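Please work through the following exercises with the sequence and the 3D structure at hand. Each task is followed by a solution in steps.

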Amino acid sequence: MPRKPRRSSALPRALVVLAAVAALLFVGGEAWVLARSGRGQVTQARWGLRDPARLVPLFAREIRAGLDALGVPPDSIAEAELPRDGGPQRWRVRLPAGASLLQANYAVSHRIEELGGEVLGGRESPAPGGARRLTLRLGLPKRALVELLFTAPPRPRDPEQRPAPRLALVLYGFGDDAAQARRAFALPVPFAVAIVPGAKSSAELFRAAHESDREVVLHIPLEPVNYPQLDPGPGTLLVTTEPDRATGTVRRWLDQSGAVVGVANHMGSFATQDMTLMRAVYRELRRRGLPFIHVQPAAGAVCRSVAAEMGVVYDEPDAVLDLEARATTTKGLDARWSGILAEARGRGRFTVWLRATPLARDWLARATARKRLGDVDLAPLSAVMRRPAVL
């Protein structure tokens, strides 16, 4: 009886070897990338594989990014030479008016923690002339690498010395009626306008807003939770949109809109919870130095944390008048407006988004009369919201 030929096992073994080599190359490549990343270098220093002193430039980069987002000008930052005795590098930072020590602490500490470092201590103390100081020590466990001394200007005690409260208005929700939008743009009231790109009337609305010397916010349509039953409009960025395509779409919209003071979400209760999509959006904002204005954030939104990670300035409206503007009378608008003016006086600056319904447009002139505003000044949006520092 003839013997059956054995099947060769050489081919399967070759495939196994090839797969093993590919896996090793992949793991090696990932390890190399991690080792070269900032967080990877911090991890190496924690394990004793890298001199902690070599991390100071990484910490300095993150500190500068946090101070930029806070609006601290470069000439208010002084860095000492790195001591040869292994002590921390000392910085002196003079905060601008309106910035608090709490904001400074968060702006810097959050970025250092994202890098893998630690906040080793913080101490607030009074300074001469009524100023306030914050000493912040950052580094690795049991090893301070940077020590920052923040100085905040004293708060005005005399009400007459306190600057007038500033309030910025943003009108949104113009729809496709360009004629009504033009009539709204012509109102003798200072306000910015938020315009959604991608619609048939968008180009005309952008043009009309610029012709009326209105500050413009690009109101990008993002996927809501109940999409497509609730549809923000043509070109809506979905969580399934490829990152490069999302970045390119935002770039195209910004090119078409002309000069804008910021970018905001139109809807987006689902999209703003997706890190991949928001990073893709932020890439173009970071490239252009534009802030992201998060309107009515969803509970699980990641926009603030991703903005801090990527160095994008993040802001939120202090109030949104939506349901009140959809009502049949101005009773709700009047009641809410009184509270807003009181809050603006307490905070010093305030941003309000108002849906531009016919009722709201008719009410606006009366609400912004000097007698009603009192000591509150209407200001451009760019003068009230947080902005990236100009380097």
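**Exercise 1: A charge and a ring**

Task: State which residue lies over the face of phenylalanine 191, and at what distance from the ring centre.

Solution: Arginine 214 lies over that face, at 3.7 Å from the ring centre of phenylalanine 191. The criterion is that NZ of Lys or CZ of Arg is within 6 Å of the ring centre and within 35 degrees of the ring normal.

This is a predicted model, in which local features need pLDDT of at least 70 and side-chain atom pairs count only at pLDDT 80 or more, while totals for chains, interfaces and linings use all residues. Residues are numbered from 1 along each chain as its sequence is written, and side-chain values use heavy atoms, leaving out hydrogens and water.

**Exercise 2: Aromatic pairs**

Task: Describe the pair formed by tyrosine 172 and tryptophan 353, then the pair formed by phenylalanine 174 and phenylalanine 185.

Solution: 

Step 1. Rings of Phe, Tyr and Trp (its six-membered ring) pair if their centres lie within 6.5 Å; planes under 30 degrees apart are stacked, over 60 edge-to-face, and the rest tilted. The count by this rule is four aromatic pairs.

Step 2. Tyrosine 172 and tryptophan 353 form a tilted pair, with 5.8 Å centre to centre and 50° between the planes. Tyrosine 172 belongs to strand β6 (residues 166–172) and tryptophan 353 to strand β13 (residues 349–355), so the pair links distant parts of the chain, 181 residues apart; strands are DSSP runs of E with at least two residues, helices runs of H or I with at least four, both numbered from the N terminus. Tyrosine 172 and tryptophan 353 are both buried, that is, under 20% relative accessible area (1.4 Å probe, protein chains only).

Step 3. Phenylalanine 174 and phenylalanine 185 form an edge-to-face pair, with 5.2 Å centre to centre and 75° between the planes. Phenylalanine 174 lies in the loop between β6 and α5 (178–185) and phenylalanine 185 in helix α5, so the pair ties together parts that are eleven residues apart in sequence. Phenylalanine 174 and phenylalanine 185 are both buried.

How values were computed:
Buried < 20%, exposed > 50% of the residue type's maximum accessible area, 1.4 Å probe, protein only.
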